[in-house]
Amino acid sequence: MKDRLIVALDTDDGEDIDWLCATLDETVRWFKMGFQAFSALGMEAFPWFKQNGHKTFVDLKFHDIPNTVARDVGMMTKHGAQMINMHASGGFEMMHAGRKSAESVATEKGIPRPILLGVTVLTSIDENGFQQNFGSERELTKQVIYLAQLAQEAGLSGVVASPLEIEPIRKACGHDFVIVTPGIRPAWASAGDQRRITTPAEAIQRGADYIVVGRPIIEAEDPLEATEMILEEMKGVS
Ligand code: C5P
């Protein structure tokens with residue numbers, strides 16, 4: 001289960017990040033860097049995480065013209081990111097360009113190709129919010145499936161989605177397609193701005209490959225204890 005938990009380092013305070021990583025060093029394998037952590041750590045983060053035996057998920061949710069995303073993804077691959085995401089709503093061409101770039105950089109450098117993910121619909125958006133914000137004719141779940149299939153056609157390894165959508169994504173995209181789920185809330189944590197949520201146990205039960213947890217760990221009074229409780233809950237399912 002240690003390999004399936006990703007801790008989101010959502011802070012731009014370098015000392016906090018140092019402390020969290022040292023505290024969770026033996027318990028956590030994957031750390032996720034969004035804009036905040038990336039602004040604090042920069043490219044130095046890659047050798048640093050590697051040296052400490054950790055894997056890095058670069059969550060910068062690229063969304064730009066294909067040429068720019070190809071360069072962004074290529075650069076992150078070159079520096080050693082093991083998981084990288086981009087908005088699936090950026091379209092087929094954008095995702096395809098990102099994938100081709102990651103492949104050619106990985107081949108050139110003789111390193112493994114990173115896990116490339118398409119972000120479907122953010123887990124902070126519910127059905128009402130989706131209809132209001134996007135004026136879409138589709139239901140939210142159908143949009144998630146549509147974007148997941150587009151990501152798969154573009155050659156990405158998988159998607160970021162809510163654990164509530166795992167079953168239909170598996171039906172549409174198969175069992176080898178990686179599903180990473182934020183929107184994880186243990187029963188003892190508050191939902192905050194997340195809407196399409198489940199507990200860690202339910203996400204694993206539904207078949208998530210990886211779960212992403214931020215505030216329930218990094219804002220806990222005791223982040224190590226919170227992490228251990230989450231891992232126990234995940235183990236209880238298998
Ligand atoms: O604090 P919390 O557990 O809600 O953190 C979830 C993390 O996952 C955040 O870093 C957030 O940016 C990220 N994320 C998300 N929903 C997505 C994609 C990424 O919550 N669809």
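**Ligand contacts and burial in a predicted model**

Modeller: A nitrogen atom of the ligand lies 2.9 Å from a polar side-chain atom of T123. The model discussed here is a predicted one.

Colleague: What makes this pair of atoms a polar contact?

Modeller: A polar contact requires N or O atoms within 3.5 Å. The distance for T123 is 2.9 Å, so the pair meets that cut-off. R185 also takes part, with a polar side-chain atom 2.8 Å from an oxygen atom of the ligand. At G214 a polar backbone atom is 2.8 Å from an oxygen atom of the ligand.

Colleague: How much of the ligand does the protein bury?

Modeller: Taken alone, the ligand exposes 470 Å², and 88% of that is buried by the protein.

Colleague: Where does the ligand sit?

Modeller: The ligand is placed in the largest pocket. Two or more residues of the shell around the ligand come from each of β3 (55-62), β8 (210-213) and α10 (215-218).

Colleague: Which residues surrounding the ligand are the closest?

Modeller: Of the 16 residues that surround the ligand, the closest are D10, K32, R185, G214 and R215.

Colleague: What does H87 count as, at 15% relative accessibility?

Modeller: The value of 15% falls under the cut-off of 20%, so H87 counts as buried. H87 is part of strand β4 (residues 83-87). Neighbours within four places in sequence aside, H87 is in contact with K61, F62, H63, M94, M95, V119 and L122.

Colleague: Why is L122 called partly exposed?

Modeller: The relative accessible area of L122 is 34%. Partly exposed is the range between the buried limit of 20% and the exposed limit of 50%, so L122 is classed as partly exposed. L122 lies in the loop between β5 (115-119) and α6 (127-134).

Colleague: Which residues is L122 in contact with, leaving aside its neighbours within four places in sequence?

Modeller: These contacts of L122 are K61, H87 and R196.

Colleague: How far are the C-alpha atoms of L122 and P186 separated?

Modeller: The C-alpha atoms of L122 and P186 are separated by 19 Å, and the two residues are 64 residues apart along the chain.

How values were computed. Residues numbered from 1 in each chain as written. Predicted model: local features only at pLDDT ≥ 70, side-chain atom pairs only at ≥ 80, totals over all residues. Heavy atoms only, no water. Helix = DSSP H or I, 4+ residues; strand = E, 2+ residues; numbered from the N terminus. Buried < 20%, exposed > 50% of the residue type's maximum accessible area, 1.4 Å probe, protein only. Contact = heavy atoms within 4.5 Å. Near = heavy atom within 4 Å. Polar contact = N/O pair within 3.5 Å; in protein donor to acceptor, adjacent residues only side chain to side chain. Areas by Shrake-Rupley, 256 points an atom, 1.4 Å probe, with all protein chains shown as cover. 1 Å grid on protein atoms, 1.4 Å probe; cavity = no way out; pocket = protein on both sides within 12 Å on 5 of 7 lines; lining within 4 Å. Sits in = over half its atoms within 2 Å of the grid points.
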